[in-house]
Amino acid sequence: MKAVIVGAGIIGCALARELARLGLDVEVIDRGAPGAGTTAHGEGNVLVSDKGPGPELALAQLSRTLWPSTIDEIDEQCGPQVGRLIEFEPKGGIVVATTDAGAQSLTDFAARQRQAGVAATVLSHAEAHEAEPHLTRDLASAFLYPEDAQVQPVGAAHALLFSAKGFGARVRVDTEVLAPVVAHGRIVGIDTSTGRIDADVVINCAGPWAADVSNRLGAPIAVKPRRGDVLITTPQPPTVFHKVYDADYVGAVGSGDADLQTSAVVESTAAGPILIGSSRRRAPLDTGIRLDSLEGMARKAIRLFPGLADVEIMRCYGGFRPYVDDHLPVIGPDPRLSGLWHATGHEGAGIGLCLGTAVHLGAQLLGHPTPLPDNDFRVDRPAILTTAMETAS
């Protein structure tokens, strides 16, 4: 079976590795370079702390369990110099509330998560400040999530793709999808800017551009761009030891509001700079960074870590995430066109969800038992198809 994967971001790279490992003939195409789109504009979050009980949390938990073993396998297959590109840091996360109302919401949320198997431990003020000495003293509550982790997103994508190539996968860059090649009601390939590619299966992993790709392939899905921005400080001495964010972040992740929303997400990197997020707003793909987004993130980060007020910002960047109205990715076959599959719509969680997505879709494709219910992420659900038709009309 030959599979053509459209999109060489973290989802496409993880899927390429999984399918090639399972013995498929895999070719990955991208209109640019691997890892250069959404993947290059994220923080590398591998989180369970921001997801309530449900399908996305189950996918996040599956993915989180796969990272250590996947890195070990890449080390053995490709050498530790490749595995090190991933920069996996199981640093844990601390979620903070600074108001009584926020503390109650955070406590209730953590209780529901624990029922779903998430490790969440309440921290006293003393414990919170022992874990994060520079954290604000104005705390109403704090919870430790030891399973939260971080990777270097572009490094992780390239390591996964390097491993996929070791299993025989091929990569074609600067290649844009133009149209499907269909025979007897089934997709049998695609016409691209660099020529026709025959395939038994075509998998749309184009992230925020998945709607455009799906339109070109004649089976539109409603994946919308949602912009996020990140601030990067100059290199700092050890200042932040976990991924620390305010409780507002959970609400922003689950919100469908199109307007700008900001919350504080603060974490260190191995090289020394501190990453500061997070912002969300629905915007066209040609929209750039806005000052109010950067200012909102900076103010809220200083609220958590007052010492950041005197730290210089080295640069900022932003990108687009693939957003779906019901906040669930789309993973599986398209019932309208046999041979067409989708793996997209992960919004800002694609880094953390990529490995589980790859394993789940690989099992679906080969008819093996899937680790999660197929219906959770099916293509033919209202948020994917109904909204797509409304947009097209």
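Me: Over how many bridges do strand β1 (residues 2-6) and strand β2 (residues 25-29) pair in the parallel sense?

Reply: This is a predicted model, in which local features need pLDDT of at least 70, side-chain atom pairs count only at pLDDT 80 or more, and totals for chains, interfaces and linings use all residues. Residues are numbered from 1 along each chain as its sequence is written, and side-chain values use heavy atoms, with hydrogens and water left out. Strands (E, at least two residues) and helices (H or I, at least four residues) are DSSP runs numbered from the N terminus, and two strands pair if DSSP finds at least two bridges between them. For β1 and β2, which run in the parallel sense, the number of bridges is five.

Me: Which residue in β2 is the bridge partner of Lys 2?

Reply: Lys 2 has its bridge partner in β2, the strand of residues 25-29. That partner is Asp 25.

Me: Which strands stand at the edges, each with a single partner strand?

Reply: The open sheet has six strands in the order β8-β2-β1-β12-β19-β18, with mixed pairing. Each edge strand has a single partner, so one side of each is left without a neighbour in the sheet. The edge strands are β8 (170-172) and β18 (330-333).

Me: What does the twist average from one strand to the next, and what angle does the direction of α1 make with that of β1?

Reply: Axes are lines fitted to C-alpha atoms, for helices over the stretch in contact, and angles run from 0 to 180 degrees between N-to-C directions. In the six-strand sheet, the twist averages 20° from one strand to the next. Helix α1 (residues 10-21) packs on this sheet and touches β1, β2, β12 (201-204) and β19 (340-344), where contact means heavy atoms within 4.5 Å. Its direction makes with that of β1 an angle of about 170°.

Me: Which residue forms a salt bridge with Asp 25?

Reply: A salt bridge is a side-chain nitrogen of Lys or Arg within 4 Å of a carboxyl oxygen of Asp or Glu, and the whole structure contains 22 of them. In the pair asked about, the closest N and O atoms are 2.8 Å apart. One partner lies in strand β8 and Asp 25 in strand β2, so the pair ties together parts that are 145 residues apart in sequence. The partner of Asp 25 is Arg 170.

Me: Which residue in the turn of the hairpin of β18 and β19 has a positive phi?

Reply: β18 and β19 run antiparallel and are joined by four bridges, with Pro 333 having Trp 341 as its bridge partner in β19. The hairpin has six residues between the two strands. The residue with a positive phi, about 95°, is Gly 339.

Me: Are α1 and α6 roughly parallel or oblique?

Reply: The axes of α1 and helix α6 (residues 153-166) come within 8 Å and cross at roughly 25°. Angles under 35 degrees count as roughly parallel, over 145 as roughly antiparallel, 65 to 115 as roughly perpendicular and the rest as oblique. α1 and α6 are therefore roughly parallel.

Me: Are α2 and α10 roughly parallel or roughly perpendicular?

Reply: Helix α2 (residues 55-78) and helix α10 (residues 350-366) pack with their axes 7 Å apart, at an angle of about 90°. The contact includes Leu 59, Leu 66 and Trp 67 in α2, and Leu 353, Leu 355 and Val 359 in α10. Its residues divide into 10 nonpolar (Ala, Val, Leu, Ile, Met, Phe, Trp, Tyr, Cys and Pro), one charged (Asp, Glu, Lys and Arg) and five polar (the others, Gly among them). From the angle, α2 and α10 are therefore roughly perpendicular.

Me: Is α2 oblique or roughly parallel to α6?

Reply: The axes of α2 and α6 come within 10 Å and cross at roughly 55°. That makes the relation of α2 to α6 oblique.

Me: Which strands are the edge strands, pairing on one side only?

Reply: A second open sheet has three strands in the order β9-β10-β11, with antiparallel pairing. Its edge strands are β9 and β11 (195-198).
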